[in-house]
Amino acid sequence: MSARAPHGADGTGPAEGPYYLFDIDGTLVDSSGLIVSVWRRVAAEFGADAEAILAVCHGRRDSEVVPMFFRPEDIPRVTVRIQELEAEGVGLLRPVPGAPELLGGLPAGRWATVTSGPSRLMTGRLGAVGLPVPEVLVAADHVRRGKPDPEGYLAAAAALGAGPGACVVVEDAPAGVAAGRAAGMYVIGLTTTHTAAQLAGADAVVASLTEVPGVAAARSGRA
């Protein structure tokens, strides 16, 4: 992560628009096929309930999900196996529609990513689908507490020099929505992996990234 001085006395930033904080998996990178494949294979290999895992794993760190469903003695092997399968399945990744255009229109210092995945894996996924790696990327290995805790979003805002009120969070998972709201930020839910009902905790819910700038502008009175 890189730190920046605040752009305004109150840390809210200038009038160019909000600071955007994006989740990665399911929000910028379409990794749903890979995630489902990995968890199903690991569950089958180690005798766990794949459907139960898939019901809660999105937006959460593997280090928190694995102990919930696997025997303690299997945790090290499960963790290694997940990493192996994720590396093998990089060809299944795609950019979420609208992500290249949205990110391409944002100044470098106006957006960041906050992810539940490890930094090396997440930078690799962005690169694999041709998306830029932001100057500020807060990953699982940068925080003590993962989503739905707000630590990651607050850290990203601080690194950009922005107050929480100047930030718009874009998330596809309930855990991420809860994290953004707990951070005191405006949250837009994206229905790529969950239904609008499941993202009801968000301030607004959209079906496409193309809708995000308009929703953010309307929220700030610049529609």
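This is a predicted model: local features need pLDDT of at least 70, side-chain atom pairs count only at pLDDT 80 or more; totals for chains, interfaces and linings use all residues.
Strand 7 is largely enclosed by the rest of the structure, because 5 of its 5 residues are buried. In a regular strand, side chains alternate between the two faces of the sheet. Both faces of strand 7 are covered, with Y186, I188 and L190 buried on one side and V187 and G189 buried on the other.

## Helix 7

Helix 7 (residues 151–160) is mostly covered, as 7 of its 10 residues are buried; these are E151, G152, Y153, A156, A157, A159 and L160. The buried residues of helix 7 pack against strand 1, strand 4 (111–114), strand 5 and strand 6, and also against helix 8 (174–182). After helix 7 comes G161, which has a positive phi, near 75 degrees.

## Two buried loop residues

H58 lies in the loop between helix 2 (50–54) and helix 3. Its relative accessibility is 16%, and H58 therefore counts as buried, the cut-off for that class being under 20%. Leaving aside residues up to four places away in sequence, H58 touches I35, A173, A175 and H194.

L93 is placed in the loop between helix 4 and strand 3 (94–95). With a relative accessible area of 5%, L93 is buried as well. When residues up to four places away in sequence are not counted, L93 touches V29, D30, S31, L34, R125, A128 and V129. L93 and S32, although 61 residues apart in sequence, are 8.2 Å apart in space, C-alpha to C-alpha.

## The largest pocket

Rolling a probe the size of a water molecule over the atoms shows where empty space is left. In this model the largest pocket holds about 520 Å³ of space. The pocket is lined by 30 residues, of which D62, E86, S116, G117 and P118 are the closest to its centre. The elements that give two or more residues to this lining are helix 1 (32–46), helix 3 (62–69), helix 4 (75–88) and helix 6 (119–128).

Helix 1 provides the largest share of the lining, 5 residues. Sorted by class, the lining of the largest pocket comprises 10 nonpolar, 12 polar and 8 charged residues.

Key: Residues are numbered from 1 along each chain as its sequence is written. Side-chain values use heavy atoms; hydrogens and water are left out. On a 1 Å grid over the protein atoms alone, a cavity is a set of points where a 1.4 Å probe fits but cannot get out, and a pocket is an open set with protein on both sides within 12 Å along at least five of seven lines; lining residues have an atom within 4 Å of a point. Grid points are joined across faces, edges and corners, and a volume is the space filled by probe spheres set on the points. Helices (H or I, at least four residues) and strands (E, at least two) are DSSP runs, numbered from the N terminus. Ala, Val, Leu, Ile, Met, Phe, Trp, Tyr, Cys and Pro count as nonpolar, Asp, Glu, Lys and Arg as charged, and the others, Gly among them, as polar. Buried means under 20% relative accessible area, exposed over 50%, partly exposed in between (1.4 Å probe, protein chains only). Contact means heavy atoms within 4.5 Å.
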